[in-house]
Amino acid sequence: MSNTSSLDVAVIRKDFPILDRMVNGKPLVYFDNAATSQTPKQVIDAIVDYYSSYNANIHRGVHTLSQEATDKYEQARLKIQRHFNAAKPHEIIFTSGTTHSINLVANGFSSLLQKGDELIVSAMEHHSNIVPWQMLCERTGAMLKVIPMSEKGELIMDEYRKLLSDKTKMVFCNHVSNALGTVNPIKEIIEAAHNVGAAVLIDGAQAAPHIQADVQELDVDFYTVSAHKMCGPTGVGILYGKEEWLHKLPPYQGGGEMIAEVTFEKTTYADLPHKFEAGTPNICGGIAFGAAIDYMNAIGIDVIAAYENELLVYATEQLLSIEGLRIYGTSENKTSVISFNIESIHPYDIGSILDKLGIAVRTGHHCAQPIMDFYKIPGTVRASFNFYNTKEEIDAMVEGVKRAKAMLQ
Amino acid sequence: MSIQEIQEEIVDEFSIFEDWMQRYEYMIELGKSLPLINGKYKTDDNIIKGCQSKVWVHAELEGDKLVFTADSDAIITKGIIAILIRVFSNQKPQDIIEANTDFIDEIGLKEHLSPTRANGLVSMVKQLKMYAIAYQTQLN
């Protein structure tokens, strides 16, 4: 490995039991990290420990197990708060993941919008950051405007500025595109939106594993994260919201935990964050998310990002040596995601053959159909690398792609 | 030949292949060589949408037999379609309704017909049977 990073990948790989697996008789090469990252034993241990030692329902229990579980769950909230530098712990709302987080905010805005208001979305969103807002527009009569993107897969900022007006109430955009890997200039996007008084939600699902986001420095109103993209378990994530915004939004779901007092005449809601955390949460998931944050910070997000960038540069070079291969998303500012196609070959066919070789990539539209429509393609093959991947694995993929090409053309 | 006989024939053919590479190469050849559907039937109405590859199917009754033509934009999918067409096309609707697709397991292509695989093939088999049911009703 190169000298530029201090990451010892051989040591790191020992933390991930799944990386020893064989698939179709070949050693697994896991390049579907943008869909879900793998889980280190430190996180698996936290899950086992929870169910082995102190599984209990949290908050309000007077017994020891409940108290222990509550403490660990709230400690996880504090870890996440520190990691994203939120001003207050109750600005971190546990959710089932980014999709849930976005729906929570979109639903809350129903009562804050009226006909004629405008929302702005970027052209490179995941469906989960499009559909909840379309539903919101249907409910309120607000209009959805789209920031266009360039052939390189970058947002056209001049066009964005033209869309902004005093009618704009909300801007939402991903920090990193899941289909292309583009890192969007969110600080500029946020500033410009604030200048017209609009709130901003940034979908951080793809960014959080690779970029250290500081929500106060960004001055973002809402930021969403999924644990399973950053070495944590599935089914848990967070919504960061500025306190003032979280007070303005009405509760999303009714139930236990989120109330202060209930009578049949009137219910008063609990304070933040519980107002948005109805029902028994994914307690184990939240605690394991905290363990994942610890794990990633012990290595260092900057160290991770530097190493992953080496992988990106190497894989880009190697793939481009294949004739007829085109990469979609060619911004200089990218995370370790490569979306590609080979002339006249369907991505599904390449993915099927790579799978036979033990190589896991994603094929299809990556839940971002507007991007595929933009490039007029049915989908792409997407390889996404994490810090536990190696250049040798990239070599195996490149060989696999060449083999697939020879078979298919 | 009956559906059962054709399936046995295909299983026989596949038994000479030693590994997945040979099976895939054969399917890719099938996919490349067969003009499966008349272009005029490649309409949006005839698309069976899988998550990733598009599949088109057209059905026509010839005498008491149902003739299928189909296509896909992905070549491996197209190869499997060619196999399915060989099994189910030119058969009586009632026989199509009653037929199973267990032979797919035997020729080592099970993963392509898993209900969770996003390639449109499961929907395609369902659609073939739906056509058979519809035409059977018509024949009755």
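Let me start with Glu332(A), which at 68% relative accessibility counts as exposed, where exposed means over 50% relative accessible area, buried under 20%, and partly exposed in between, with a 1.4 Å probe and protein chains only. What I am showing is a predicted model, in which local features need pLDDT of at least 70 and side-chain atom pairs count only at pLDDT 80 or more, whereas totals for chains, interfaces and linings use all residues. Residues are numbered from 1 along each chain as its sequence is written, chains are lettered from A and ligands numbered from 1 in the order in which they are written, and side-chain values use heavy atoms, with hydrogens and water left out.

Which residue forms a salt bridge with Glu332(A)? The partner is Lys152(A), and the closest N and O atoms of the two are 3.0 Å apart; a salt bridge here is a side-chain nitrogen of Lys or Arg within 4 Å of a carboxyl oxygen of Asp or Glu. Lys152(A) lies in the loop between strand S6 (143-147) and helix H6 (157-163) of chain A, while Glu332(A) lies in the loop between strand S13 (325-328) and strand S14 (337-342) of chain A, so the pair ties together parts that are 180 residues apart in sequence. Helices (H or I, at least four residues) and strands (E, at least two) are DSSP runs, numbered from the N terminus. Lys152(A), at 31% relative accessibility, counts as partly exposed. Over all chains, a search of the whole structure finds 25 salt bridges.

Turning to another lysine, the side chains of Lys242(A) and Asp219(A) meet in a salt bridge, at 2.9 Å from N to O. This pair links distant parts of the chain, 23 residues apart, with Lys242(A) in the loop between strand S10 (237-241) and helix H9 (243-248) of chain A, and Asp219(A) in the loop between helix H8 (215-218) and strand S9 (222-226) of chain A. Lys242(A) counts as buried because its relative accessibility is 14%, whereas Asp219(A), with a relative accessible area of 35%, is partly exposed. The side chain of Lys242(A) also meets that of Asp221(A) in a salt bridge, at 3.1 Å from N to O, and both Lys242(A) and Asp221(A) are buried. Salt bridges that share partners also join Asp32(A), Arg362(A) and Arg382(A) into one network.

How many of the ten residues of helix H12 (residues 347-356) of chain A are buried? Nine of them are, so this helix is largely enclosed by the rest of the structure; among the buried residues are Pro347(A), Tyr348(A) and Lys356(A). H12(A) is followed by Gly358(A), whose phi is positive, near 80 degrees.

As for peptide bonds, the one from Leu272(A) to Pro273(A) is cis, with omega near 0 degrees, and Pro273(A) lies in the loop between strand S12 (267-269) and helix H10 (283-299) of chain A.

Now to chain B, where strand S3 (residues 65-72) is mostly covered, with six of its eight residues buried. Strand S2 (residues 54-62) of chain B pairs with S3(B) in the antiparallel sense over eight bridges, two strands being paired if DSSP finds at least two bridges between them. Within this pairing, Val57(B) stands opposite Ala70(B) in S3(B). The hairpin of S2(B) and S3(B) has two residues between the strands, and Gly63(B) takes a positive phi near 65 degrees there.

Finally, which helix supplies the largest share of the negative patch on chain B? H1(B) does, with three residues; helix H1 (3-15) and helix H5 (103-106) of chain B each supply at least two. Among the patch residues are Glu5(B), Asp102(B) and Glu106(B), and Glu106(B), at 57% relative accessibility, counts as exposed. Patches are made of residues with over 30% relative accessible area and no salt bridge, like charges being joined within 9 Å and nonpolar side chains (Val, Leu, Ile, Met, Phe, Trp, Tyr) within 5 Å.

Definitions and conventions: Accessible areas come from the Shrake-Rupley method with a 1.4 Å probe; for residues, only the protein chains shown count as cover. Lys and Arg count as positive and Asp and Glu as negative; His and the chain ends are not counted. The place of a charge is taken as NZ of Lys, CZ of Arg, CG of Asp or CD of Glu.
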